[in-house]
Amino acid sequence: MIADPCFKSTTYSSPVGCSYGGKFQTDVRTPALLNAFVGSEDIDFWSILGDNFYDRTGAGSKEFFAKLSTEVKATPMVTVPGNHDYWVLGDPLVGTVADQCGNGHMQFYAQDAEASLLAQPGDSTPPFNFTVDPAGKGLLGCDKASPDNSRFYHQFGNIGLIAQSGAFGLEEYNGFMTESCKWLGTPGIEVGVIVGHWDKGGLGAGRDMDVPEFYDEMAKLPGCKEMAEAGNLKFF
């Protein structure tokens, strides 16, 4: 699991700098490490937990993924949006209509999120919820993609993984929280892992929606409560 990756690019320029990208050669070393480790049979999935290359347009993401091996690309990837994936400068207070507000992230990385339940076998419904117009109102700000595009739960071996975005209010997550905690009781799941981006409040995170606070709320619910008491509910 990694988060907040960046690199110095020759093809695009992010409004957010990458102070140590040149010093540590992250444009070469990060994909090299992923190719060495994720490409092995020992890895079941890998993650980028938000602020994915501080990339508003997708140009940097395209450049980075072109350096990954077929083996890495064939390995399941889990990702969640971070504050810079909504507002490239990292804060809704300085957001503009040029920001992607999570819309680019949800399509480029295309997780099997809750919104995909809208698509039924045999129809042409996209696996995304496009009901929110990202354009916003006026020149400042944009409207975030619907929360069901960035939350999901899946099983990898004996791990039950629950993913969330801190950019919403806890009240918008109540049903999902209850459902996903109940799901952790599925036979075969021995460890629950909650993943998100925000490690503390602010910068667009809703109240109690940074991951440590979200964990505390989840640990009160049936399914998560029992797993937490057994020491088997973790968060990243």
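## Disulfides, cores and salt bridges in a predicted model

Cys6 and Cys18 are joined by a disulfide, with 2.0 Å from S to S. A disulfide here is a pair of cysteine sulfur atoms within 2.5 Å. Keep in mind that this is a predicted model, where local features need pLDDT of at least 70, side-chain atom pairs count only at pLDDT 80 or more, and totals for chains, interfaces and linings use all residues. Residues are numbered from 1 along each chain as its sequence is written, and side-chain values use heavy atoms, with hydrogens and water left out.

**The cysteine links**

By that rule there are three disulfides. Number the bonded cysteines in sequence order and the pairing reads 1-2, 3-4, 5-6. Here they are side by side:

| Pair | S to S | Angle about the S-S bond | Hand |
|---|---|---|---|
| Cys6 and Cys18 | 2.0 Å | 70° | right-handed |
| Cys101 and Cys142 | 1.8 Å | 80° | right-handed |
| Cys181 and Cys224 | 2.0 Å | -90° | left-handed |

As for cover, buried means under 20% relative accessible area, exposed means over 50%, and partly exposed is in between, using a 1.4 Å probe and protein chains only.

Start with the disulfide of Cys6 and Cys18, which is right-handed. Both cysteines sit in the segment before α1 (26-37), 12 residues apart. Cys6 is partly exposed at 23% relative accessible area, while Cys18 is buried at 6%.

Next comes the disulfide between Cys101 and Cys142, with sulfur atoms 1.8 Å apart. Cys101 is in the loop between α4 (83-86) and α5 (103-109) and Cys142 is in the loop between α5 and β3 (152-156), so this link ties together parts 41 residues apart in sequence. Cys101 is buried, with a relative accessible area of 0%, and Cys142 is buried too, at 11%.

The link of Cys181 and Cys224 is left-handed, with -90° about the S-S bond. It runs from helix to helix: Cys181 lies in α6 (residues 174-183) and Cys224 in α8 (residues 224-229), so parts 43 residues apart in sequence are tied together. Cys181 is buried at 0% relative accessible area, and Cys224 is buried at 0% as well.

**Nonpolar cores and a surface patch**

In soluble globular proteins, nonpolar side chains tend to be buried together. A nonpolar core is counted here as a set of buried Ala, Val, Leu, Ile, Met, Phe, Trp, Tyr and Cys residues joined through side-chain atoms within 4.5 Å. The largest one has 27 residues, and Leu184, Phe214, Met218 and Leu233 have the most contacts inside it. Helices α6, α7 (211-218) and α8 each give two or more residues to this core, with the largest share, four residues, coming from α6.

What does Phe214 touch, not counting residues up to four places away in sequence? Its contacts (heavy atoms within 4.5 Å) are Gln164, Leu170, Tyr173, Met177, Ile194, Asp208 and Met209. A second, separate core has 13 residues, including Phe64, Phe65, Leu68 and Tyr109.

There is nonpolar surface as well: Leu89, Leu93 and Val94 make a patch of about 320 Å². Patches are made of residues with over 30% relative accessible area and no salt bridge, where like charges are joined within 9 Å and nonpolar side chains (Val, Leu, Ile, Met, Phe, Trp, Tyr) within 5 Å. The areas come from the Shrake-Rupley method with a 1.4 Å probe, and for residues only the protein chains shown count as cover. Val94 sits in the loop between α4 and α5 and is partly exposed at 41% relative accessibility.

**Salt bridges**

A salt bridge means a side-chain nitrogen of Lys or Arg within 4 Å of a carboxyl oxygen of Asp or Glu. The count comes to four.

One of them pairs Arg56 with Asp99, the closest N and O atoms being 3.0 Å apart. Arg56 is in the loop between β1 (46-48) and α2 (59-65) and Asp99 is in the loop between α4 and α5, so the pair ties together parts 43 residues apart in sequence. Arg56 is partly exposed at 30%, whereas Asp99 is buried at 6%.

Glu114 and Arg151 form another, with closest N and O atoms 2.5 Å apart. Glu229 also bridges to Lys225, at 2.7 Å; these two are four residues apart in helix α8, so about one helical turn separates them. Glu229 is exposed at 59%, and Lys225 is partly exposed at 36%.
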